[in-house]
Amino acid sequence: MSFDQTIQHAGAAEQTAAPSQNMVTKEYGASEAVPMSCRSLNFGDMIATWIGANANNGSWYVGGVVAGAAFGGSILVTLIANPIAYMIMALIGFIGYKVGTSTMALTRPSFGVRGSFLPSILNTTQFIGWTAVNTFIAAISISYVCKDFLGWPAFGEAGGAKTMMFGIVVMSVLHLLSIAMGHKSVKLVERIGVVLILILGIWETVVVLWHVSFHDILNWQPPKSERLPIGAAMDTMAAFSLGWVPAIAEFTRYGKSKATATIAPMIGANIALFWFAFVGIVGAIGTAISTGVYDPNNSDPSTIVSKLGLGMVALVVIILTSTTANAVNLMAAGISLTNITKKIKPIAALWIVTIIAAVLTIVPLFAGSFLDSFEMFLDYIGMVFGPIFAITIVDYYFVKKKSYDAGEFEKENGKYWFSKGFNIKTMLVWVLGVAFFLAVHNLPVFTAHIGATYPTIVLTGVLYTIVAKLWK
């Protein structure tokens with residue numbers, strides 16, 4: 001999403017993609033319903049939005065991570081985990097279309113007016129986390145650039161941490177500049193960035209398949225010590241795609257039709273994810289075959305393009321696209337922060353989340369590998385957001401029978417106020433869902449087969465249905 005559109009939808013914590021430029025100019029808050037007469041996104045706009053959302057370095061990297069399940073396993077996981085996640089996204093997207101409010105506002109009828117602050121806070125941390133992920137990937141590219149021009153040690157080499165620190169500082173400055181330059185320049189850079197990353201994806205695929213036969217890729221197996229179980233790969237992919245669900249209603253509330261709000265996002269998100277995950281899978285396996293070494297820590301685009309010899313241009317593209325993606329992530333995180341408390345002004349919020357993201361990006365340099373941090377982050381998304389999505393879907397479709405009153409979303413002592421603004425029963429169900437995920441996600445029966453993310457969503461939905469009926 002470009003900056004002018006992001007500002008127009010201030011208070012909605014879930015903007016990350018690049019929607020159509022046909023948005024209406026009136027500003028709607030997170031819980032303010034958009035009337036049908038002011039909706040301008042059509043079917044094609046929505047498909048383009050979600051192709052742009054998944055055509056990025058993160059999709060590329062997650063493909064490289066699940067390559068540890070071998071080619072067949074990683075493709076299987078990609079084709080199963082992601083469509084399920086985007087079906088969940090479509091269900092919530094339809095609610096946004098019907099009610100006209102943002103995703104975080106849609107949690108008010110179940111969590112309570114004040115209780116919805118919990119999902120909003122979690123959403124802020126998620127966007128900051130994605131900023132840190134993109135920043136780290138870009139900093140790796142900067143480290144390779146510094147090695148070529150300045151002779152500094154690159155990422156993974158002795159002394160490379162200092163170069164990475166420099167890269168993180170450079171990226172943080174670029175983030176602030178991209179925000180400060182205004183929406184027109186950012187909009188232009190975003191468009192260029194998407195085109196460049198698409199070209200880079202095609203380029204890498206051709207280079208890999210030129211040097212490594214597809215037959216070898218199909219038959220490659222990772223070392224036993226680095227093999228990723230199918231269930232663990234399912235959780236990785238599921239959490240990655242579920243990370244988009246908090247963004248969906250902010251777009252579908254502007255959709256012109258039901259199909260625009262449900263089918264179009266699924267088409268766009270799946271097409272882009274399948275392609276870019278495939279690029280990541282093929283790139284990681286091709287690099288392992290070419291070099292004789294498979295290290296999932298080196299699944300990031302920066303390391304892969306360096307090992308494949310794609311050159312300086314590819315590294316610069318990664319830096320640029322990371323900057324444009326993070327400009328929007330930071331804007332979304334900042335707006336989410338101001339939605340929680342109005343005491344922090346928007347520009348101050350942007351500075352705060354940028355600094356927090358920079359600090360978070362440094363953590364993997366001293367507290368473990370980037371891969372470990374990335375997997376922990378995805379576990380966090382699946383753990384906290386899976387139960388929220390289950391509760392929202394069950395509450396709207398089964399408990400409230402597709403009837404939400406947006407006019408009550410901000411009323412003190414209104415329909416969704418519950419006890420001092422909090423629905424304690426719903427929050428207890430959410431806690432139980434999180435506890436279940438923590439209890440089972442490392443158990444062999446889950447890591448080897450279906451993962452813990454989707455079972456957690458199902459269990460939470462069942463629990464919420466029971467609680468809602470008992471205390472109707």
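Which residues of α19 are buried? They are T453, Y454, P455, T456, I457, T460, G461, Y464, V467 and A468. The views below come from a predicted model.

**View 1. Helix α19 and its cover.** Helix α19 runs over residues 453-470. Its 18 residues should span 26 Å at 1.5 Å a residue, and the end C-alpha atoms are 26 Å apart, so the two values agree. The cover over its buried residues includes α4 (70-99), α5 (108-111) and α10 (230-242). It also includes α16, α17 (424-440) and α18 (444-450).

**View 2. The largest nonpolar core.** This core holds 116 residues. W50 and Y454 have the most contacts inside it. Helix α16 (residues 370-399) supplies the largest share, 17 residues. A second, separate core has 8 residues, including L330, L337, A349 and V353.

**View 3. Helix α3, enclosed.** Helix α3 covers residues 57-66. Of its 10 residues, 10 are buried, so the helix is largely enclosed by the rest of the structure. Among them are N57, W60, Y61 and V66.

**View 4. L122 in helix α6.** L122 belongs to helix α6 (residues 117-150). L122 has a relative accessible area of 10%, so it is buried. Beyond neighbours within four places in sequence, L122 contacts Y380, V384, F385, I388 and W430. L122 and I381 are 259 residues apart along the chain, yet their C-alpha atoms are separated by 8.9 Å.

**View 5. The aromatic pair W50 and F251.** The whole structure has 22 aromatic pairs. W50 sits in helix α2 (residues 43-54) and F251 in helix α11 (residues 245-252), so the pair ties together parts 201 residues apart in sequence. W50 is buried at 0% relative accessible area. F251 is buried too, also at 0%.

**View 6. The aromatic pair F71 and F214.** The ring centres of F71 and F214 are 5.5 Å apart and the planes lie at 85°, so this pair is edge-to-face. F71 is in helix α4 and F214 in helix α9 (residues 214-219), 143 residues apart. F71 counts as buried, at 9% relative accessibility. F214 is partly exposed, at 37% relative accessible area.

**View 7. An aromatic cluster.** F94, Y97, Y396, Y397, Y404, F409 and Y416 make up one cluster.

Technical notes: Residues numbered from 1 in each chain as written. Predicted model: local features only at pLDDT ≥ 70, side-chain atom pairs only at ≥ 80, totals over all residues. Heavy atoms only, no water. Core = buried A, V, L, I, M, F, W, Y, C linked by side-chain atoms within 4.5 Å. Buried < 20%, exposed > 50% of the residue type's maximum accessible area, 1.4 Å probe, protein only. Helix = DSSP H or I, 4+ residues; strand = E, 2+ residues; numbered from the N terminus. Contact = heavy atoms within 4.5 Å. Expected span 1.5 Å × (residues − 1). Phe/Tyr/Trp six-rings, centres within 6.5 Å; stacked < 30°, edge-to-face > 60°.
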